[in-house]
Amino acid sequence: MSLTIPTFSLASIGPWLTLSVAAIAILVWDALSKERPAAVPAVSLAALVIAAVQSLTLLGKKGTDFAGMVYVDGFTALAYLILILGAALTIFLSWRYLEEYGKNLSEYYALLLFATTGMMIMVAGAHLIMIFLGLEVMSIAVYVLAGFLREDLKSNEAAMKYLVLGAFSSAILLFGMALIYGAAGGTLYLNELAKKLAVTKAVTQPLILLGLGLIVVGFGFKVAAVPFHMWTPDVYEGAPTSVTAYMAVAVKAAAVATFLRVLYVSFPGFAADWTWLLWGLAVATMTLGNVVAIAQTNIKRMLAYSSIAHAGYLLVGLVAANQLAAVGILYYLLAYTLMNIGAFAAILLVSRQQDRYLNIYDYCGLGRQHPGLAAAMSVFMFALAGMPPTAGFVGKLYIFAAAVQAGYIWLVILAVMNSLVSVYYYLRITVLMYMRPAEADLGPVSFTPAVTATLAATALAVVLVGIFPGWFYDLAAASVKIFSL
Amino acid sequence: MEYLFYSLAAVALISGALVVFQTHPLRSALWLIVNFFAVAGLYLLAHAEFIAAIQIIVYAGAIMVLFLFVIMLLNLRQPEEELARPRLGLKIAGITVAVLSAVLIGMGLAKVVLKPVTELPVGLGNTESVARLLFTDYLLPFEVTSVLLLVAIVGSVVLAKAKLR
């Protein structure tokens, strides 16, 4: 019997290949050399740059490859670029921080690259099996990264909690996919699902709704939507700070982009069913995230609740389900990556050595001692609160405008009220930095070149992307044409 | 054939329920083996010979041994203190979700018109047809699975190796 392997072009998955080959090369290189190779972070960054260039070549394309398993299009490429940006900025934050713990190991960078590969597999997946495999590659790498400081009890707790709850959510997601497979009469290709479900809807609707509900739960866990958010504060607090930054931006971005594609491509016929579900999730997520963030005194926990709240704003975009919403979500993911990584860069600097100062009152008097650092942190806090002229404002504007366009006036009113609540706890940091004298001398801040450069670059980018959103808007608007919304 | 299906399904359901309701983990694990075998029988009835064999080799064999090892390492004896009883609210929530899911699945399947099974194509569920799919339509997921396994290996070494430099 003969076997015809379908034709494919390796260029369609070029970024995955680059990153996974780089990760394997790093592991082998480390195993073969006597000393710990010092150039590993640089090599990882180089691999990310190559992957970014490869992603750029995919921007104008449209279609699938590998027997319909992966999407090769502009939306995928833009998501790749956002994920690569998140991973690269994380590496800049990492090596000095890990050195403080004596943990600047090559495996960290390999796992980071693998996690990024998994995210790319996920956002490009055109088949539910690909999406699940990508999700697992990402999750397993991130579980380990969360527990990377093995001697630290909190890091252990973070890894354990994330692993146990993450395994449950993966199982729930998989169960949902299995039900959808049966309900559709046997297909898992995203675009075929929409057609087949439209036909079988008359017969298997309850099964489809249950499957869809379970899929929403699975993704809800990964984006940290209420009520699937319980793990977030503990995991964000316990994980190494650089990994927290990565989880907050990249894991969320990958999960939201994939969720968007699954909902818009496979389930447009059930929009009436999932919009009210996501409507409720969005309101609960925004409200709980913002209200509980007010009570936090640990800055990492505060940003954990803030990340829950931002997941809520992104869900508002998903509910809106129009072209502007898809553009808004992409833009918001870019803005969130920049402002959140920037905020974590500032946290790393203020915490001095080994996460010593993470209380928000440790920020008192920072405006006088280190005006530059305080100014940058203020930019990020303004951006996270969604104030003009930062990127955070424009992102919220796009998403809320999309929701108004789709007729969800009440949802937008609730979202705007939530943004007002969030101003309190973000600007409290700014107030502490400028209006309160320092309570104690915490010692000098060691401005390491990589972290300082990240801080300055992200602060500048948050403002510039906010003032000139047009170029990204055009790119994103062209890329989301693939969704027939 | 029909009676075989129903009896295997009954065994699978009952043993599955027993896995959940045992208090001692070892007993749960043993009932799980029964469940695996019953499900393997169901696969055989569906002409999925390869999957049935894999079910027994991988699940009832390898994964079960892992389970037993973990149970042995963690608690060899009966737990000394009474296990914390799940709260009433959790019980109600769990039962509600289970009943609702069962109702939804039942309603979803109720209207499906079942056709009598005619003879299946030869070699439907054997290794050759599985391999054919793995090297054509599912080529990419097959390769990605290897990345997944590699990540899991690297991750476990990172977490468990005695001394990392």
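## Salt bridges and the chain contact

A salt bridge here is a side-chain nitrogen of Lys or Arg within 4 Å of a carboxyl oxygen of Asp or Glu. By that rule, there are zero salt bridges between chain A and chain B in this predicted model.

What the two chains do have is about 3,400 Å² of buried area between them, with 76% of it on carbon and sulfur atoms. Five residue pairs are in polar contact across the interface, both partners being at pLDDT 80 or more. On the chain A side, helix 1 (14-32), helix 4 (106-124), helix 5 (128-146) and helix 7 (190-223) each give two or more residues. Helix 5 gives the most, with eight. Sorted by class, that side has 33 nonpolar, six polar and eight charged residues.

Over all chains, the structure holds eight salt bridges. One of them joins Arg261(A) and Asp73(A), at 3.2 Å from N to O. Arg261(A) sits in helix 9 (residues 241-266) and Asp73(A) in the loop between strand 2 (70-71) and helix 3 (74-100), so this pair ties together parts 188 residues apart in sequence. Both Arg261(A) and Asp73(A) are buried.

Glu237(A) and Lys154(A) form another salt bridge, with their closest N and O atoms 2.8 Å apart. Glu237(A) belongs to helix 8 (residues 232-238) and Lys154(A) to helix 6, 83 residues away in the chain. Glu237(A) is buried at 15% relative accessible area, while Lys154(A) is partly exposed at 42%.

These two also belong to a salt-bridge network, together with Glu157(A), Lys161(A), Asp234(A) and Arg301(A).

Methods
Residues are numbered from 1 along each chain as its sequence is written. Chains are lettered from A and ligands numbered from 1 in the order in which they are written. This is a predicted model: local features need pLDDT of at least 70, side-chain atom pairs count only at pLDDT 80 or more; totals for chains, interfaces and linings use all residues. Side-chain values use heavy atoms; hydrogens and water are left out. Buried area is the accessible area (1.4 Å probe) that two parts lose on being put together, summed over both. A polar contact is a pair of N or O atoms within 3.5 Å; within protein, one must be able to donate a hydrogen and the other to accept it, and residues adjacent in sequence count only if both atoms are side-chain atoms. Helices (H or I, at least four residues) and strands (E, at least two) are DSSP runs, numbered from the N terminus. Ala, Val, Leu, Ile, Met, Phe, Trp, Tyr, Cys and Pro count as nonpolar, Asp, Glu, Lys and Arg as charged, and the others, Gly among them, as polar. Buried means under 20% relative accessible area, exposed over 50%, partly exposed in between (1.4 Å probe, protein chains only).
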